[in-house]
Amino acid sequence: MKPNELLRNQILEIIYNQINSDNPRETNQTLKRLKEMGYSDNDARMMIGQCVSAEIFDVFKHGKPFDEKRYIKNLKNLPKEPFED
């Protein structure tokens with residue numbers, strides 16, 4: 001498995017876990033909203049994955065803890081691409 005595939009699968013697993021545990025609830029809400037907008041399940045999960053990736057990047061780059069408020073804000077702004085502070 002290529003490194004990018006491994007990372008993608010790990011991010012998708014994070015999303016899967018968030019949806020199944022309904023924590024944060026906004027992940028599930030965002031998936032439903034994007035699908036109602038006409039995005040496929042896969043495309044919606046990939047967009048959510050961008051938000052997860054932005055948080056992971058910030059944790060590693062700046063050594064900061066996961067910022068749930070920013071993550072939720074980015075989810076609510078989808079399909080616009082997530083931003084970093």
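## Ground rules

Because the model is predicted, local features need pLDDT of at least 70 and side-chain atom pairs count only at pLDDT 80 or more, while totals for chains, interfaces and linings use all residues. Numbering runs from 1 along each chain as its sequence is written, and side-chain values use heavy atoms, with hydrogens and water left out.

## Asp58, tucked into helix α3

Asp58 sits in helix α3, residues 41-62 (helices are DSSP runs of H or I, at least four residues, numbered from the N terminus). With a relative accessible area of 2%, Asp58 is buried (buried is under 20%, exposed over 50%, partly exposed in between, using a 1.4 Å probe and protein chains only).

Setting aside neighbours within four places in sequence, Asp58 is in contact with Gly63, Lys64 and Arg70 (contact means heavy atoms within 4.5 Å).

## Salt bridges

Side chains of opposite charge can pair when their charged atoms come close. The structure has 5 salt bridges (a side-chain nitrogen of Lys or Arg within 4 Å of a carboxyl oxygen of Asp or Glu). One of them joins Asp22 to Arg25, with the closest N and O atoms 3.1 Å apart; Asp22 is partly exposed at 26% relative accessibility.

Then there's a network linking Lys35, Asp41 and Arg45. Lys35 pairs with Asp41 at 3.3 Å between the closest N and O atoms, and Asp41 meets Arg45 at 2.7 Å, N to O. Asp41 and Arg45 both lie in helix α3, 4 residues apart, or about one turn. Lys35 is partly exposed at 41% relative accessibility, and Asp41 is partly exposed at 30%.

Definitions and conventions: Helices (H or I, at least four residues) and strands (E, at least two) are DSSP runs, numbered from the N terminus.
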